[in-house]
Amino acid sequence: MKTFEEVMAALQEKAHQVSEDSAQIEYKCNVCKDEGGWIEECEPVTFYSTIEKDADGKVILDEFNKPVYKRQPMKNENWVSCSCQQQKQIERLVKNSQITAEFQKKGFKNFEVDDHAPIVCKMRRESLKYYSNFADIRHEMENSIALVGQVGSGKTHLLSAIANGLLQQNISVMYFPFAEIMEKMRENEFALKDKLVHQAQQVDVWFLDDLFKPVTKMVNGQSKKVPRASEWAQERMYEIINYRYLNKKPILLSCELDFETLLQINDAIGSRLFEMCSSYLVTVADDPYLNHRLRKVYHA
């Protein structure tokens with residue numbers, strides 16, 4: 001049988017080991033110790049009343065034989081959220097935005113304008129201007145931006161730069177690559193369609209990339225680009241765009257088609273988008289020299 005001294009020594013050793021283990025814990029946030037915040041006491045702003053009693057526990061009475069009451073300050077505590085919670089919220093927004101890791105790298109600083117045509121430089125200026133003014137215009141009718149025209153001219157990069165910046169401001173964004181998501185909708189007409197449409201309607205900012213993206217087809221023996229604008233696709237786009245139009249919810253739009261073509265496809269969709277984007281609209285005329293993916297070919 002262990003002696004009392006041996007038992008106490010063992011307990012002290014165990015307590016020392018627990019203390020060392022606790023000191024070695026690594027927290028993701030050293031400020032709140034991963035608690036998300038802390039409680040702070042603040043000045044009392046409310047009071048409660050108690051009946052005064054003497055040393056023997058008897059109620060003290062006043063000259064009118066009424067109990068004497070004493071006001072006591074009520075302890076007030078506030079929960080203070082740690083700044084790490086905002087970063088976690090931003091990380092959740094980025095994850096839910098559907099913006100790929102590659103597109104998350106797109107910014108204004110890494111959009112090269114050296115040796116680019118004036119229209120490409122204008123796209124960057126208008127995109128940066130839109131981003132800078134977003135807080136002031138987000139609840140107005142003309143609160144959206146459209147970059148349309150020549151494929152490969154940098155439209156998606158610049159709109160991604162705007163989206164990434166807004167996400168860092170705790171503003172939710174949904175990336176909606178038209179061709180890919182429309183295909184997902186068709187795979188499950190009844191369940192996934194309603195979910196995606198609802199998300200696109202409700203999110204703070206909707207990033208619609210490559211609306212009605214054309215597909216190359218042979219027409220009368222000739223290769224021709226035909227917009228993916230089936231009646232079904234137009235109905236889905238109208239559901240979302242009309243809702244956002246009526247509720248003044250911003251849209252970031254890229255499209256290979258100019259607005260004249262969009263209006264010919266569906267004037268209800270085209271006219272709403274035009275009104276929302278008219279203050280921040282840049283059209284890049286078709287010119288393969290502006291396709292950055294082919295720069296090595298044309299600038300060899």
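## Basis and overall figures

The model is predicted: local features require pLDDT of at least 70, side-chain atom pairs count only at pLDDT 80 or more, and totals for chains, interfaces and linings use all residues. Residues are numbered from 1 along each chain as its sequence is written, and side-chain values use heavy atoms, with hydrogens and water left out.

The chain contains 10 helices and 11 strands; helices (H or I, at least four residues) and strands (E, at least two) are DSSP runs, numbered from the N terminus. Of its 300 residues, 36% are buried, where buried means under 20% relative accessible area, exposed over 50%, and partly exposed in between (1.4 Å probe, protein chains only). Among contacts between residues at least 6 apart in sequence, 74% join residues at least 24 apart, a contact being heavy atoms within 4.5 Å.

## The parallel sheet

An open sheet of five strands runs in the order β6-β7-β10-β5-β11, with parallel pairing. Its edges are β6 (173-177) and β11 (281-284), each of which pairs on one side only. From one strand to the next the twist averages 10°. Two strands are taken to pair if DSSP finds at least two bridges between them.

Helix α4 (residues 155-167) packs on this sheet and touches β5, β6, β7 (205-209) and β10 (251-255). The direction of α4 makes about 165° with that of β10; axes are lines fitted to C-alpha atoms, for helices over the stretch in contact, and angles run from 0 to 180 degrees between N-to-C directions.

Strand β5 (residues 145-149) joins β11 through four bridges in the parallel sense, and Ala 146 stands opposite Leu 281 in β11. In a regular strand the side chains alternate between the two faces of the sheet. In β11, Val 282 and Val 284 form the covered face, whereas Leu 281 and Thr 283 form the uncovered one.

## Helix α5 and its surroundings

Within helix α5 (residues 178-187), Phe 178, Ile 181, Met 182 and Met 185 are buried. Seen down the axis of α5, these buried residues fall within an arc of 100°, so they line one face of the helix; the arc is that of the directions from the helix axis to the C-beta atoms. Glu 180 and Glu 187 are exposed on the other side of α5. The packing partners of the buried residues are β6, α6 (192-202), β7 and α7 (231-246).

Phe 178 is also touched by Leu 211, a residue in the loop between β7 and β8. Leu 211 counts as buried, at 0% relative accessibility. Leaving aside residues up to four places away in sequence, its contacts also include Met 237, Leu 253, Leu 262 and Leu 273. The C-alpha atoms of Leu 211 and Pro 227 are 8.9 Å apart in space, with the two residues 16 apart in sequence.

## The β8-β9 hairpin

Strand β8 (residues 215-219) pairs with β9 in the antiparallel sense over five bridges. The two form a hairpin with two residues between them, and Asn 220 in the turn has a positive phi of about 55°. Met 218 has Ser 223 in β9 as its bridge partner. The number of buried residues among the five of β9 (residues 222-226) is zero, so this strand lies largely in the open.

## Aromatic pairs

The whole structure holds seven aromatic pairs. Rings of Phe, Tyr and Trp (its six-membered ring) pair if their centres lie within 6.5 Å; planes under 30 degrees apart count as stacked, over 60 as edge-to-face and the rest as tilted. Two of the pairs are tabulated here.

| Pair | Geometry | Centre to centre | Angle between planes |
|---|---|---|---|
| Tyr 130 and Tyr 280 | edge-to-face | 5.2 Å | 75° |
| Phe 259 and Phe 274 | edge-to-face | 5.5 Å | 75° |

Tyr 130 lies in helix α3 (residues 118-137) and Tyr 280 in the loop between α9 (267-277) and β11, so that pair links distant parts of the chain, 150 residues apart. Both Tyr 130 and Tyr 280 are buried. Ring pairs join Tyr 130, Phe 134 and Tyr 280 into a cluster.

Phe 259 belongs to helix α8 (residues 259-265) and Phe 274 to helix α9, so their pair ties together parts that are 15 residues apart in sequence. Phe 259 is buried, with a relative accessible area of 7%, whereas Phe 274 is partly exposed, at 39%.
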